[in-house]
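Thanks for coming, everyone. Let me put the structure up, and then we will walk through one ligand site.

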Protein chains: 8
Amino acid sequence: LRQGVPEIILGESKSLDQLKTIIAAMQRNGSNILATRVDAEKATALCNQFPEAEYNVDARAFCLIQQKIENSGAGKILIVCAGTSDLPVAKEAAITARMLGNEVEELVDVGVAGIHRLLAKSDQLQKAAVIIVVAGMEGALPSVVGGLVAAPVIAVPTSVGYGAAFGGIAALLGMLNSCASGVTVVNIDNGFGAAFAANRINRKG
Amino acid sequence: LRQGVPEIILGESKSLDQLKTIIAAMQRNGSNILATRVDAEKATALCNQFPEAEYNVDARAFCLIQQKIENSGAGKILIVCAGTSDLPVAKEAAITARMLGNEVEELVDVGVAGIHRLLAKSDQLQKAAVIIVVAGMEGALPSVVGGLVAAPVIAVPTSVGYGAAFGGIAALLGMLNSCASGVTVVNIDNGFGAAFAANRINRKG
Amino acid sequence: LRQGVPEIILGESKSLDQLKTIIAAMQRNGSNILATRVDAEKATALCNQFPEAEYNVDARAFCLIQQKIENSGAGKILIVCAGTSDLPVAKEAAITARMLGNEVEELVDVGVAGIHRLLAKSDQLQKAAVIIVVAGMEGALPSVVGGLVAAPVIAVPTSVGYGAAFGGIAALLGMLNSCASGVTVVNIDNGFGAAFAANRINRKG
Amino acid sequence: LRQGVPEIILGESKSLDQLKTIIAAMQRNGSNILATRVDAEKATALCNQFPEAEYNVDARAFCLIQQKIENSGAGKILIVCAGTSDLPVAKEAAITARMLGNEVEELVDVGVAGIHRLLAKSDQLQKAAVIIVVAGMEGALPSVVGGLVAAPVIAVPTSVGYGAAFGGIAALLGMLNSCASGVTVVNIDNGFGAAFAANRINRKG
Amino acid sequence: LRQGVPEIILGESKSLDQLKTIIAAMQRNGSNILATRVDAEKATALCNQFPEAEYNVDARAFCLIQQKIENSGAGKILIVCAGTSDLPVAKEAAITARMLGNEVEELVDVGVAGIHRLLAKSDQLQKAAVIIVVAGMEGALPSVVGGLVAAPVIAVPTSVGYGAAFGGIAALLGMLNSCASGVTVVNIDNGFGAAFAANRINRKG
Amino acid sequence: LRQGVPEIILGESKSLDQLKTIIAAMQRNGSNILATRVDAEKATALCNQFPEAEYNVDARAFCLIQQKIENSGAGKILIVCAGTSDLPVAKEAAITARMLGNEVEELVDVGVAGIHRLLAKSDQLQKAAVIIVVAGMEGALPSVVGGLVAAPVIAVPTSVGYGAAFGGIAALLGMLNSCASGVTVVNIDNGFGAAFAANRINRKG
Amino acid sequence: LRQGVPEIILGESKSLDQLKTIIAAMQRNGSNILATRVDAEKATALCNQFPEAEYNVDARAFCLIQQKIENSGAGKILIVCAGTSDLPVAKEAAITARMLGNEVEELVDVGVAGIHRLLAKSDQLQKAAVIIVVAGMEGALPSVVGGLVAAPVIAVPTSVGYGAAFGGIAALLGMLNSCASGVTVVNIDNGFGAAFAANRINRKG
Amino acid sequence: LRQGVPEIILGESKSLDQLKTIIAAMQRNGSNILATRVDAEKATALCNQFPEAEYNVDARAFCLIQQKIENSGAGKILIVCAGTSDLPVAKEAAITARMLGNEVEELVDVGVAGIHRLLAKSDQLQKAAVIIVVAGMEGALPSVVGGLVAAPVIAVPTSVGYGAAFGGIAALLGMLNSCASGVTVVNIDNGFGAAFAANRINRKG
Ligand SMILES: Nc1ncnc2c1ncn2[C@@H]1O[C@H](COP(=O)(O)O)[C@@H](O)[C@H]1O
Ligand SMILES: Nc1ncnc2c1ncn2[C@@H]1O[C@H](COP(=O)(O)O)[C@@H](O)[C@H]1O
Ligand SMILES: Nc1ncnc2c1ncn2[C@@H]1O[C@H](COP(=O)(O)O)[C@@H](O)[C@H]1O
Ligand SMILES: Nc1ncnc2c1ncn2[C@@H]1O[C@H](COP(=O)(O)O)[C@@H](O)[C@H]1O
Ligand SMILES: [Mg+2]
Ligand SMILES: [Mg+2]
Ligand SMILES: [Mg+2]
Ligand SMILES: [Mg+2]
Ligand SMILES: [Mg+2]
Ligand SMILES: [Mg+2]
Ligand SMILES: [Mg+2]
Ligand SMILES: [Mg+2]
């Protein structure tokens, strides 16, 4: 794989001890390290052990940067987020994309029920090289964005919502059936995956 | 019930013989008659027997009008339709609403992937007393409309789509989780029900 | 939007700090404020900070009223509730409808397994301008009510029940398939949405 | 098993040849024979071969009676049916119950959206030894009936409906979650099974 | 309703205060009282307040008996239970059936993977007036029992199991599709409902 | 792979032309050929072109045998089938297992609702090296068989049934949750896969 | 939008008359025209009317090319297809991508059960600018491909399979949960959408 | 059953007291004892009472060995595990298989996104008598393994994953639809069942 790519750990299903062992080994290699889905309790213990690390509580992302990250992307990745409740997933995407060497912009609280707030940002949308759209509930935002731009659009359904949101199924289905052509979709709450896909796209040929 | 309200028959699960018997009996009462979900084959036979009737093949609606329908609604019902594939359901709603004594307008092919076509109709949207929004696939249109108007919005998911559209489930879930407040929803492909609900709302106090 | 409409916050996915910041800002604007889905713990802290506020523990609704609410509706909104377990959702609907400037009546414990208790209230049903019907388990009550009245009927499925109730799916499907014409439906447990829809209907033309 | 019980064949998944062979063998034993779920085409061929047989096209039931059926039940079985579309399932139940030696009454078109039609039949409901309630769409009728009588109530969901009826799932879930205590349920469209269960109950001790 | 029938409360969704108020009112009427789905914590508080009451921790059933319960059933109700994990549901059924005035027998740990244990109890099965079969996982036991007896068989799926048991769905579907004719089914974990249905059947004509 | 193993084609999604081309090529290699899920119409055309082939209409299996099949298995494979409607799947398994070089026995119509028919075959069950159990509806048979023998048991759910059988889901879930330890499961209607698995097991070490 | 982009019609839900009207209008504009999901019967009629058009029966794609298509992509799009049954979807993707001005390569019959066939094509995989992976059944191929290359990978689940394939749900879920990072997914059978997304990516900056 | 087979207890749904009683009784019989799905808290108490026992915290397995376990299998059972998060299930399988008298090898962290790690172990795969493949997320590993070996392959889906992994459904469906012939499947997270099935296969004829 490419040089400078960080080591990335899925923190969720690992014990504190497992995480410490893995991170310590990676640290010795001098790699940059990103652990996603690390809960706050484990993060506190990890930050004690690795004081140079940083933890983003919203994104549940643990970062240990040992080498300067060079911006190696062809253009900007724009992350568009429907509501404030979707922010943790958007933040996970932003941190991952930056760790992978991309310039990232964020556009928040531009849901489809207040469409003019989104349309007011038309310029920013047109300039992005890749757009990640994060939305829960009915997951309609990627359709509107996909209809406004020619760039690649990656949709991330979130588990935000209740009742018939079914933990993100409503948003997932909405996005898979987007009437805007060529919108692609990742797993529910998978900000990491969307950023990784955006990074695959944004590599300088 | 109110005077002048037509007799309405759900044609789908009835044999031609059953339909003939029921319609003939209602005809003798002098009522207006609407039969929904009547397929083209049965309709041909019915129109032979009841030559004064009319059949709308898209809406699969059979109408036999024996009394002038008086427009008895408080305002206009606007039917907004995402794509041409959703037209049969929109037509069923329009015919039902008219048979129930309402003035109806239709607005077609204003899906969310081409949002400016919808926004260009802002005036028409603002003037409606009740709005029925018909959409398949991701069913996002009611959220945008609901964010633009203060009037009641009734969403009708359609079975248009394939794969993960699951015969209208994607659109149904999208509408139930609309981020626009106070959008209500009826069954998949239930143009009839949406019009009946709109009529309940549009009755002159 | 109309003047006097309260600011409404979806409390569920917001931290205490976020809620405090948002509410304080709205308070400075002099608005009435309603926050739904606020749990008891957060509510206690909020009521300390905003002593003039009130919290309804059943409805999980936090209200801060700074301007007199004028009853601006065309008629009464009646909220009908199948069982005592459905009361929290009914209460959320009632509080929301009142905050939006409507006169509200409530009718509780009139489930379909004891149909005569409902029929005894026939007068009250006939006088309502809009009826919200809240029911869990099999969600049958809106069909009976919809067959008794000509007014708009909004059905709210609740997550009350166990086993094959599937957290409200049974009630939701029941209501979407109501054999009473023109019943519309909102998301599971969405008392807020039902009230908002009723308010859209009940605005004075 | 009890004497005089008919041989019962599930016709659905059997070829015409298989059915002819099985029925001919049973005929030689002098048994009464009931074949359920026999489509009209196969039935025509069977009635040619077995001219003394009868076929009920609605119920899709083929009956060959060789011995007088004695009414051996303790009381009457009442079959209550929500709408005319549910009649095929109700008929299958009625024919099965009669073939098994029970007296059967039928009560049709008493759905919950017109509750007074059902209440007008209160006497008939009170006199039944066992009640089978057949309903599609939201499947609410058993709850109302179960609240009116002390006798056993067996609910049969039908596949009548469209969209979110999901081929009978909505009715099935409604019945499993009935708020009337002690309603039991059989498979979707299983009129046969409901009659067989009613017969188990109605045997003279 | 019949005399001597206890008042029955669904404890699950009620607060301790609500339960105290309801039970105290019923106590004043001299009724026997059964509250189901009462958790251990609430039960302790209730037993303090009503010292003559009894609580069965497995069944989560709270009973307050003020009148002698007369056995008023036509025959015995037999409760058959597949495994020890299904016992809480079986116990709820047993207690409910006894409170309703029936003689009850229990047969435990006779699952289908050790079929000879069940067959060894053939006599007991043949003598029962009504049989309730409680089983989780694949829910196969009612099919075997239904094939062995002529009496009514009521199947209760339990939420016992993991993975593709889906909280009782596997057992529920198994029971609805039983190849033994005339088995009826109640909701997942609904021991109460099964007993209530058995009681409807077991009433002396 | 092993010598003498036939070429196996999944016929379902292939056109007649594609099938002809593939089979002709394999014929030139001198292989034995099995095509599963070939419908009767295509089979007629294929049998015209390859007159030495045989077609089993129940199993929808097309066989072209060019080399003597040697029985190379360690023991007998027994195929147990719940009802006659499950026979097509059982036949597909039998034909596949024989084509793969195994001795096969079949045991039909031994469903769990008539458990004594199965128990009467205890000897045959004990002697089998591998047992394939084919059942639809509630899919309970593998649990009983798995409790009677120590040999490997492979369960095949079939799509036989209606309503809540959901095209084999009920049987599939039942089998995955079997209370008999160590029963393994293949896809719905996958007689082929069960036989292939049995053959993997039955190879002489 | 970009110049030279063809007009694309979703043929599925349009009548022959509607298609003729739309295509004739587009023809007058001189556009290239692609209609997807056009069945063979409609296609024959269309090709009669538009003799210069071509129809690909596998892909169900109707193309009318009036202007030379210039290859305007940055690199090659590689379409990898698991099995021959998935070919129609792969072909729809290939045709769409070519109509949109991309160079396309195809790699067929490289499913995961014969992994060496895929690995033998390593060079071709490494050279692609974007890879579309089409697979049905368990949909595992994108995970393997995603682990081998750094380029963007778009996964298309197909409805190929039976039983628990559930019309493409198994493949869809597999792809959404891919253990290869940054694989994105489109709707079941949506070769068109995958190609459109690949084209968004492959545009020359 | 065979001599020396351990007593196996499903710990999950049993109280500490129940477990103590059952284990003490089995201990008196001199049996080896395995209790699966015992949580750490209960295990501590059990290990105090039975000091010669051992508890594996990852596998949640409690073992009390009183007789030497003889290796009585025909060959080795190989347990292949996709990722470290799947280890608990793999460990449950390994412990169960060893307790049942089999030689077991383990191969960890060979997921399909890094296919070369698996291929490097080709020798070990070829030598196994039975292979158990444990994988979560998309569950693709058994297809690759099944394509590489002729031995029996038992697939165990795990509940590892989030979002559209649906607690193991994605992996379960993937495995049921494996394109490698003759892969069999057990319940989600059922390491015990896979080992029991492998043991059935591995018995010396
Ligand atoms: N209980 C509720 N259920 C659904 N939507 C709600 C609820 N409460 C508030 N809302 C909506 O959420 C919006 C506020 O969202 P937020 O900006 O995240 O606080 C309000 O304008 C309402 O549209
Ligand atoms: N309509 C039906 N639905 C469900 N089960 C039925 C039906 N008709 C017959 N059966 C059952 O199927 C058995 C006969 O099955 P078979 O031997 O396949 O004809 C009868 O004894 C009944 O138990
Ligand atoms: N096979 C397909 N699947 C999904 N969307 C399609 C397909 N073919 C065309 N479309 C989309 O449908 C739009 C045209 O829709 P319509 O105006 O209804 O013909 C195109 O611009 C595409 O966005
Ligand atoms: N982890 C497990 N998953 C599924 N079944 C198990 C498991 N552990 C034990 N069993 C089965 O449960 C039986 C014991 O159940 P019980 O008598 O309830 O302890 C054993 O004989 C096995 O058949
Ligand atoms: Mg959103
Ligand atoms: Mg649409
Ligand atoms: Mg209710
Ligand atoms: Mg009905
Ligand atoms: Mg069980
Ligand atoms: Mg069966
Ligand atoms: Mg495939
Ligand atoms: Mg995995």
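Start with ligand 4. Its surroundings, meaning residues with a heavy atom within 4 Å, are Tyr162(E), Ser181(F), and from chain H Ile8(H), Ile9(H), Leu10(H), Lys14(H), Thr36(H), Arg37(H), Glu92(H), Asn190(H) and Phe192(H). Chains E, F and H each supply residues here, so the site is shared between chains.

A word on the model. It is predicted: local features need pLDDT of at least 70, side-chain atom pairs count only at pLDDT 80 or more, and totals for chains, interfaces and linings use all residues. Residues are numbered from 1 along each chain as written, chains are lettered from A and ligands numbered from 1 in written order, and side-chain values use heavy atoms, without hydrogens and water.

How confident is the predictor? The model scores ipTM 0.95 and pTM 0.95. Chain A averages a pLDDT (confidence per residue, 0 to 100) of 94.

Back to the site. Which element gives the largest share of the shell around ligand 4? Strand β1 of chain H, residues 7-10, with three residues. Strands here are DSSP runs of E, at least two residues, numbered from the N terminus. By class, the shell has five nonpolar, three polar and three charged residues.

Now the polar contacts, pairs of N or O atoms within 3.5 Å. A side-chain N or O atom of Tyr162(E) sits 2.3 Å from a nitrogen of ligand 4. A polar backbone atom of Leu10(H) is 3.0 Å from a ligand oxygen. Asn190(H) places a polar side-chain atom 3.3 Å from a ligand nitrogen. Taken alone, ligand 4 exposes 500 Å² (Shrake-Rupley, 1.4 Å probe), and the protein buries 72% of that.

Notes. pLDDT = per-residue confidence, 0-100. Polar contact = N/O pair within 3.5 Å; in protein donor to acceptor, adjacent residues only side chain to side chain. Helix = DSSP H or I, 4+ residues; strand = E, 2+ residues; numbered from the N terminus. Nonpolar A, V, L, I, M, F, W, Y, C, P; charged D, E, K, R; others polar.
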